[in-house]
Amino acid sequence: MSTQKKTQPSRREFLKAAGGVAAAATLPTFAFPTVHPQGSDEIRLALVGCGGRGGGAAANALSTTSGPVKLVAMADVFQDRLDDTFKNLDKGFKKTMDVPKDRQFIGFDGYKKAMDCLKPGDVVILTTPPAFRWVHFQYAISKKLNVFMEKPVTVDGPTSKKMFALGEQASAAGLKVGVGLMSRHAPWLQQLHERVQNGELGEIILMRGYRMHGPAATFESTPKPDGISDLEYQIRRFHSFLWCSGGCFNDFYIHIVDQGCWMKNALPVSAQAIGGRHYKQSPEGLTFVDQNLDTYGVEYTFPDGTKFFFDGRCIEGAYGKFSSYLHGTKGVAIASRANDCGGPSSIYKGQKMTPESLLWQSTDRSNPYQNEWDELMKAIRGNKPFNEVKQGVNASLVSSMGRMAAHTGQEITYDAMLNCEHEFAPNVDKLTLGSPSPLMPEANGRYPIPQPGIKTTKEY
Ligand SMILES: NC(=O)c1ccc[n+]([C@@H]2O[C@H](COP(=O)([O-])OP(=O)(O)OC[C@H]3O[C@@H](n4cnc5c(N)ncnc54)[C@H](O)[C@@H]3O)[C@@H](O)[C@H]2O)c1
């Protein structure tokens with residue numbers, strides 16, 4: 001179930017939140033008659049960004065049962081990534097794939113070619129690193145395509161304004177847009193949300209979230225080897241570089257951050273944070289050149305004064321915890337018990353989480369990654385409103401607030417983050433494989449890193 005319908009803003013509210021008419025005016029606008037596939041029509045898919053999650057999202061899309069679906073085009077900037085995902089998908093979905101070589105596209109313009117293979121009302125899957133999200137989404141809207149896009153959807157203020165405006169345009173064109181914040185489609189979290197709204201916890205007065213484990217994915221990077229450009233190196237190791245992903249903060253922590261905002265039905269007004277780089281050397285003695293801090297501790301403040309504390313850490317051998325909690329005047333709840341949104345969720349009387357004080361525990365075990373696709377496809381075939389972009393941009397912005405607070409050592413408000421003019425990759429829509437990267441090395445071969453208290457208005 002999408003919560004988007006009741007939270008959809010009026011155009012005036014939207015323009016206010018997105019920084020006014022000027023923000024919307026910087027993007028082209030598109031107007032079309034509504035086109036949508038009927039119940040039994042085949043919906044064709046294109047996959048843009050053929051990595052781990054792209055393959056997973058395509059598999060989820062091809063596993064939906066509301067009507068016929070076929071994957072017909074794929075695009076990536078790297079041949080090896082496309083080939084691997086093609087092979088993996090082909091093993092499980094041969095009958096619902098028809099992606100011959102001439103519909104496999106490599107390069108920064110591949111997204112256009114892949115979407116050009118679709119017709120209005122089809123679906124494009126956007127699963128590149130988030131730096132490219134607004135570029136690809138803008139083209140999808142111009143082609144009148146429904147969209148599934150992965151989180152995060154933005155990494156900075158300027159692209160958040162763009163995405164708020166594009167989200168509005170998609171709704172105006174009758175397009176359906178899912179965003180991969182799958183917590184929102186986890187039945188145990190939906191049930192907990194409803195119980196919280198019904199007052200079962202009393203008033204929420206504190207929330208806590210943790211994601212603490214060893215270095216994951218491409219969290220850390222040693223210096224770029226010869227024979228590969230900065231651009232290729234950074235895209236392949238996108239969790240290491242802020243322009244590409246928002247770093248580990250946006251990429252890893254966004255789900256838990258989003259859960260706090262959802263359960264509270266509000267967005268924080270400000271964040272202050274600490275963080276540090278502790279072990280920035282590889283076991284071989286090479287200096288890590290990524291832009292991430294190893295530890296982050298953020299205090300978010302909501303409009304009613306409620307605090308949400310979030311701790312993130314990527315250090316091997318330290319205490320591990322990956323879960324989220326809500327404290328109310330009547331009791332405490334476990335939201336995500338383990339990982340990004342693992343169930344069961346539970347509610348306890350008082351503040352102790354003991355078996356004797358357990359009041360409720362969820363029993364549903366369905367797969368949120370599949371649910372988000374089933375609900376998107378149902379909305380497309382039934383032509384029901386479905387647009388998760390505003391929610392996705394807000395989760396991305398609130399993540400950026402926490403990150404920027406830690407990186408600069410300053411208190412960062414929601415408004416300051418939205419209106420921060422530092423666009424990390426201003427010409428990302430014009431990149432080619434031979435372009436310099438939006439982040440070039442300094443004279444010592446390292447990339448600029450956050451220095452809290454020294455670099456206070458920009459993160460690097
Ligand atoms: N919801 C979740 O639980 C979840 C889980 C994993 C990843 N994700 C998100 O999915 C996205 C991708 O993550 P991943 O783990 O699959 O990374 P990945 O590196 O495995 O895949 C990304 C792919 O995009 C390609 N790519 C990069 N720039 C491109 C461009 N401009 N045009 C076309 N292709 C391009 C890369 O070559 C790569 O194949 C990220 O935003 C990540 O946060 C979400």
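I start with a loop: Pro344 sits between β12 and β13 (346-349). Helices here are DSSP runs of H or I with at least four residues, strands are runs of E with at least two, and both are numbered from the N terminus. Gly343 and Pro344 are joined by a cis peptide bond, with omega at about -5 degrees.

This is a predicted model, in which local features need pLDDT of at least 70 and side-chain atom pairs count only at pLDDT 80 or more, while totals for chains, interfaces and linings use all residues. Residue numbers run from 1 along each chain as its sequence is written.

On confidence, pLDDT is the predictor's own score for each residue, from 0 to 100. The protein averages 93, and 92% of the residues score at least 70. Residues 1-25 are below 50, and this stretch has 33 contacts in the model beyond near neighbours in sequence. A contact means C-beta atoms, placed from the backbone, within 7 Å. Where pLDDT is low, the predicted coordinates should not be read in detail.

Now the sheets. Two strands pair if DSSP finds at least two bridges between them. Six strands make an open sheet with parallel pairing, in the order β3-β2-β1-β4-β5-β6. The edges are β3 (104-106) and β6 (177-179); each has a single partner strand, so one side of each has no neighbour in the sheet. Neighbouring strands are turned against each other by 15 degrees on average, direction ignored. Between β2 and β3, which run parallel, there are three bridges, and Asp76 stands opposite Ile106 in β3. Helix α5 (residues 79-93) lies across β2 and β3, at about 160 degrees to β2. For such angles, axes are lines fitted to C-alpha atoms, for helices over the stretch in contact, and the angle between N-to-C directions runs from 0 to 180 degrees.

The other sheet is also open: nine strands, mixed pairing, order β14-β13-β12-β11-β7-β10-β9-β8-β15. Its edge strands are β14 (358-361) and β15 (412-413), each with a single partner, so one side of each is left without a neighbour in the sheet. Strand β11 (residues 321-328) runs antiparallel to strand β12 (residues 331-334), with three bridges between them; Leu326 is opposite Ala333 in β12.

Which strands does α12 lie across? They are β7 (204-213), β9 (295-301), β10 (307-314) and β11, and α12 runs at about 160 degrees to β7. Helix α14 packs on the sheet too, touching β8 (270-276), β9, β10 and β15, at about 55 degrees to β8.

These helices also meet each other. The axes of α12 (residues 247-264) and α14 (residues 389-408) come within 8 Å and cross at roughly 115 degrees. Residues in the contact include Phe249 and Tyr253 from α12, and Val398 and Arg403 from α14. The contact divides into seven nonpolar, seven polar and two charged residues. Nonpolar here is Ala, Val, Leu, Ile, Met, Phe, Trp, Tyr, Cys and Pro; charged is Asp, Glu, Lys and Arg; the others, Gly among them, are polar.

Then the ligand. Of the 27 residues around the ligand, Gly49, Gly51, Arg53, Arg81 and Glu150 come nearest. A residue is near if its C-beta atom, placed from the backbone, lies within 6 Å. The shell holds twelve nonpolar, eight polar and seven charged residues, and α4 gives the most, with three.

Lys144, not a glycine, has a positive phi of about 55 degrees.

Terms used
Contact = placed C-beta atoms within 7 Å.
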